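Here's a quick tour of one protein model, with the cut-offs spelled out along the way. Have a look at the fold before reading on.

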Amino acid sequence: MKDLKLINLKSHDCHTLMQQLLPVAIRGVLPKEVRNTIIRLCYFFNSICSKIIDPSKLQQLQDEVVVTLCLLEKYFPPAFFDVMVHLTVHLPREIKFCGPVWLRWMYSMERYMKILKGYVRNRHRPEGCIIECYIAEEAVELCSEYLANARTIGVPKGIEERIESRSGFKVIPIDYKTLCEAHYYVLQNTTVVDPYMSKNEKWLQAEHKRSFSSWFKRKIEMELAHPENTISQQIRWLAHEPKWEVLSYSGYGIGGYYYNTRDHDSRSTTQNNGVMVEAESLHMSTAKDKNPIYANMLYYGVIEDIWELNYTQFKIPVFRCKWVNNKGGVKVDENGFTLVDLNKEGDPNDQFIFAS
């Protein structure tokens, strides 16, 4: 990095850099025309290398790559063009006949060839070295699977073992208003509570969060008074509300992903506290609109706290987030990048989402 050079890159590394990092790296560096042309080429390769390709869009990709090559000829010198640049124009047609690119590329074979080359210790007998190391690796893998549940001594946990773990545990008391807000979110997004939500939709529009939790508790108590009730254990404990003291974490692993709070990541070079949620919300054209509509919308924010709500028989993890105002804090630039201004805070009343 001292010489501003990237060395020892494999073909797949260059491919990943071009598809994911290069469009971001050149956003404010090159002239607009040159920058947009290179980004068009990066988007083209990103499209053809996706896991799912719509056959009806192959002709559109074909037209786009032709225009992109014409723009490259416009802004780059003739020495830039060779047969490899020209071959990109045939890739959409090749996909049409042979299927997605990722089913046919050789990156996995190249990586495995590097592993086999690393087995060779005696260059006069490469085959024997490969066979001997391969058998030894198979034996080690068999032993590791047999001892999969054993605790290792002196060996740090890998990311696969930490992914369902928690860090920074502490018990904190929270105020009743915040607890009710978190509890309401759990009720609003729990499937077993949906029948009670739908029966009181108009009432909820007026009362909203203020008293649904208490109404739900009284409703369940009335139904439990009947000996032939069918109330599940989950609904019973949800109606009793969570305990006042919640378990707070600075890091939380769930669903194969690991999340941190913003305070935890402020002391780290890597950031893993951002969240994006697609949620249904009420939209009104004006403050006096009498016919609001529900529609899905993307919301961006950062994780402020990670809590586990204790319902005695089970615990529900939730994230308390600081959301960005979509009206002034989120915009899409001319190259398709979504720009988020974390300093423009949105509605502070809807803070919680499920940790999933």
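First, the ground rules. This is a predicted model, where local features need pLDDT of at least 70, side-chain atom pairs count only at pLDDT 80 or more, and totals for chains, interfaces and linings use all residues. Numbering starts from 1 along each chain as its sequence is written, and side-chain values use heavy atoms, with hydrogens and water left out.

**The chain**

Of the 356 residues, 31% are buried, where buried means under 20% relative accessible area, exposed over 50%, and partly exposed in between (1.4 Å probe, protein chains only). If you look at contacts (heavy atoms within 4.5 Å) between residues at least 6 apart in sequence, 59% join residues at least 24 apart.

**The cores**

A nonpolar core is a set of buried Ala, Val, Leu, Ile, Met, Phe, Trp, Tyr and Cys residues joined through side-chain atoms within 4.5 Å. Here are two of them:

| Core | Residues in it | Some members |
|---|---|---|
| Largest | 36 residues | including Tyr196, Phe216, Leu309 and Phe319 |
| Second, separate | 15 residues | including Leu61, Leu69, Val89 and Ile95 |

In the largest core, Tyr196, Phe216, Leu309 and Phe319 have the most contacts inside it. Elements giving two or more residues to this core include α12 (212–224), β7 (293–310) and β8 (315–323), while α9 has the largest share, 6 residues. Leaving out residues up to four places away in sequence, Tyr196 touches Phe212, Trp215, Phe216, Lys219, Ile220, Glu223, Ile231 and Ile235.

**The second largest pocket**

A pocket, on a 1 Å grid over the protein atoms alone, is an open set of points where a 1.4 Å probe fits, with protein on both sides within 12 Å along at least five of seven lines; lining residues have an atom within 4 Å of a point. The second largest pocket has 17 lining residues, with His15, Phe45, Met84, Leu91 and Tyr107 nearest its centre. Helix α1 gives the most to this lining, with 3 residues.

**A loop residue**

Lys51 sits in the loop between α2 and α3 (58–75). Is Lys51 buried or exposed? Lys51 counts as exposed because its relative accessibility is 60%.

Definitions and conventions: Helix = DSSP H or I, 4+ residues; strand = E, 2+ residues; numbered from the N terminus.
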